[in-house]
Amino acid sequence: MTAPNRNTLWARALVDELVAAGVDAVVASPGSRSTPLTMAAARNDDLRVFSQLDERSAAYFALGRARRTGTVTPLICTSGTAAANYHPAVMEASEARVPLLALTADRPPELRDSGANQTADQEKLYGDAVRFYKDLPEPAPNDRALRSLRTTVARAVGTAEGADPGPVHLNVPFKKPLEPTRVADDVPADLDPSAERGRDGAYVDVTPGSPSPGDDELRRLANALSTAERGLIVAGPADPPGLDAEAITALSHATGFPILADPLSGVRFGGHTRVAPVIGAYDAYLSAAVAGESHGWTDPELVVRLGASPTSKRLRKYLAGTDADQYQVDPAGRWREAEFAATDLVVAEPSRLCARLSRLVAGGDGDGDWRAQWEAADRTAAAIHGRDADAEATDDPLPFHEGDALRVVADALPDPATLFVSNSMPVRDLDRFVSPTTTSVTALGNRGVSGIDGIVSSALGAGSATTDDLTLVVGDLALYHDSNGLLALDRCDVDATVVLINNDGGGIFHKLPIESFEPEFTEAFKTPHGIEFEPLADLHGLAYARIDARPDAEGAATAPTATADALADALTEARETPGSHLIEVRTDAEPSHRTRERLEAAVERAVHGDPAE
């Protein structure tokens, strides 16, 4: 089994240890200096190699796959700017706690800081964004060096997937020859077999652990929950591999507390919603102004907060305005509550904590009127959002808007389905306008640093890890930003339905006061581009459909039912026709935002009454 040269031996040992640690796929981008790693991965029968031409897209593809699975998909790239293009995804992985392992090939030490071509300083390239970094030694064909390498790889994967998951960086220098060509006397024939070939299984088994309160602390928490009549469970965006909906439901049953479930929590959608009080439309009727008021709305005494900070700013502000005791649960003991309103930090794995507490809470029927308040508000909001004729609405009919598109997409999803939503308005519209449902939907998004880069690649990476139907809802700027990511449809054998909300620019800026400043708003913030996306669909082999939801030349609004039906028909056609599809929904950001405001006012009047009265 002796390798033809030390580089091949080194790379093979590294890749073998990845497989032994449970890795089943890597994402590799073409390059010369990374040849030993790419060849080792390609020749390993237990690995699937996804080839991505663009390193930025490659990194987000690996991130999306890891977000879906909860396990790392390593990256392989050559030296220089290739490694720098991983940086945005590394930042996202760090803040969103997604396991990521960057294997960056590098020049040997003597060529660094020498002016040698394609040489850059890659040591600690990603700064504090990584959980673990090591500049590996040059390949050495001796027992101790190989044992060290295998141990380092095991540690790297264990750290990436640990209690505080996130990105890890191994910088891997190689001298020439980079190809698996024979070099006489380069690899000794008497290497220790366990060092050269590894052990039976992982060279070092990493046993993951997670923090949990001791018995006394657990009883104290259980007593606090038992004595509170009005409590909430707030499930924010989940860290991979996600929150256990059954454990959260069990705690809700034990306490009687409603669950305010972010769409990215893994708790808003699924069969458990048949029996649990899962609340989803809170963004439409909560705000800081509601907290502490006496117009019939009752605030919580206690809040259990799980996952990352909620997508809904209105929910965050509402919680900050209450006097409730707020228990922020975090497995890494880090602070993830930007209003600084939490009163307690509980260092524990959230799902396990909820399961344990559900067995200890005594007499937690809670306040039936309290639960009913939330359930009634949610029904009211859903009826108004759905233009229910029996619900209170605005004075004149409301046109189709971008939030309607998210509702139609969600209603059309098969069971099961993976739904990836872009940042800016799509994730906010999903949060406000899509109600809990029994359909098994895994809703994902990049909410770590909330950029619009890499959205397409992240979605396709998530799709590569499952047989679920995959739908991506993306804005025009985000699609343009990561249009290279569409190469993965063919190269990585992923099918997707891409729903493009095209409002010709940065529609989210209509939410900000800068909207009133012209011409700077249009020229420097909204930045209309006029791009036609049908040629992009043709370029990448997607079937294309267009639905125009913009006002006509006279300013007349589009009929909501007709537009929704057209989108639903296009989604049905996409499901029933093989291959990938791009469905472009053309909207106008300003009227859509005005419609959101009118719906918000209608919901607030219906739930809280007229503030003027």
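Let's start with a contact: D330 and R97 meet through their side chains in a salt bridge, 2.8 Å from N to O. A salt bridge here is a side-chain nitrogen of Lys or Arg within 4 Å of a carboxyl oxygen of Asp or Glu. D330 lies in strand β11 (residues 325-330) and R97 in the loop between α5 and β4, so the pair ties together parts that are 233 residues apart in sequence. Helices (H or I, at least four residues) and strands (E, at least two) are DSSP runs, numbered from the N terminus.

A word on the model. It is predicted, local features need pLDDT of at least 70, side-chain atom pairs count only at pLDDT 80 or more, and totals for chains, interfaces and linings use all residues. Residues are numbered from 1 along each chain as its sequence is written, and side-chain values use heavy atoms, with hydrogens and water left out.

Back to the contact. D330 counts as buried, at 0% relative accessibility. R97 is buried too, at 1%. Buried means under 20% relative accessible area, exposed over 50%, partly exposed in between (1.4 Å probe, protein chains only).

R97 has another partner. Its side chain meets D239 in a salt bridge, 3.5 Å from N to O. D239 sits in the loop between β7 (231-235) and α9 (245-255), so this pair links parts 142 residues apart in sequence. D239 is buried as well.

Which residues make up the network of salt bridges? R97, R131, D164, D239, D330, R334 and R336.

One more pair: D431 bridges to R268, with the closest N and O atoms 2.8 Å apart. Both D431 and R268 are buried. The structure holds 39 salt bridges.
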